[in-house]
Amino acid sequence: AEADGAGDDSPAGGGGANNRSGSAKKLNIKEEAIVASAEVVRMFVAELVHRAAEGAKEDGEDTVDGTHLERVLPQFLLDFAS
């Protein structure tokens with residue numbers, strides 16, 4: 001797969017704020033890297049939602065809302081930081 005990104009601010013794009021040289025460049029990303037990255041993100045989100053659901057259950061609620069996510073996010077990020 002190929003990520004052009006010229007003229008946008010996406011991390012894959014060469015013309016965005018992440019490109020320090022200022023010139024537009026084409027970035028090639030292998031399909032297997034995209035698939036692997038998507039799976040990692042899927043697993044992170046599933047774990048985050050699971051933790052938030054546990055927090056909602058402890059609060060006696062049957063719906064997860066933003067406060068439950070906000071409560072578990074700091075520890076979640078620390079758990080995966082190292």
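Leaving aside neighbours within four places in sequence, His 68 is in contact (heavy atoms within 4.5 Å) with Ala 52, Gly 55, Ala 56, Asp 59, Glu 61 and Thr 63. The model is predicted, so that local features need pLDDT of at least 70 and side-chain atom pairs count only at pLDDT 80 or more, while totals for chains, interfaces and linings use all residues. Residues are numbered from 1 along each chain as its sequence is written, and side-chain values use heavy atoms, with hydrogens and water left out.

His 68 itself lies in helix H2, where helices (H or I, at least four residues) and strands (E, at least two) are DSSP runs numbered from the N terminus. With a relative accessible area of 2%, His 68 is buried, a term that means under 20% relative accessible area, as against exposed at over 50% and partly exposed in between, with a 1.4 Å probe and protein chains only. The side chain of His 68 also makes a polar contact with the side chain of Asp 59, at 3.3 Å; such a contact is a pair of N or O atoms within 3.5 Å, of which, within protein, one must be able to donate a hydrogen and the other to accept it, and residues adjacent in sequence count only if both atoms are side-chain atoms.

Buried residues make up 17% of the 82 residues in the protein chain, and among its contacts with a separation of 6 or more, 35% come from residues 24 or more positions apart.

Helix H1 (residues 31-58) and helix H2 (residues 66-81) pack at an angle of about 130°, with their axes 9 Å apart; the axes are lines fitted to C-alpha atoms, for helices over the stretch in contact, and angles run from 0 to 180 degrees between N-to-C directions. That angle makes H1 oblique to H2, because angles under 35 degrees count as roughly parallel, over 145 as roughly antiparallel, 65 to 115 as roughly perpendicular and the rest as oblique. On the H1 side the contact is made by residues including Phe 44, Leu 48, Arg 51 and Ala 52, and on the H2 side by residues including His 68, Val 72, Phe 76 and Phe 80.

Two residues of this contact can be followed from either helix. Arg 51, placed in helix H1, is buried with a relative accessible area of 19%, and the side chain of Arg 51 makes a polar contact with the side chain of Glu 47 at 2.8 Å. Not counting residues up to four places away in sequence, Arg 51 touches Val 72, Gln 75, Phe 76, Asp 79 and Phe 80.
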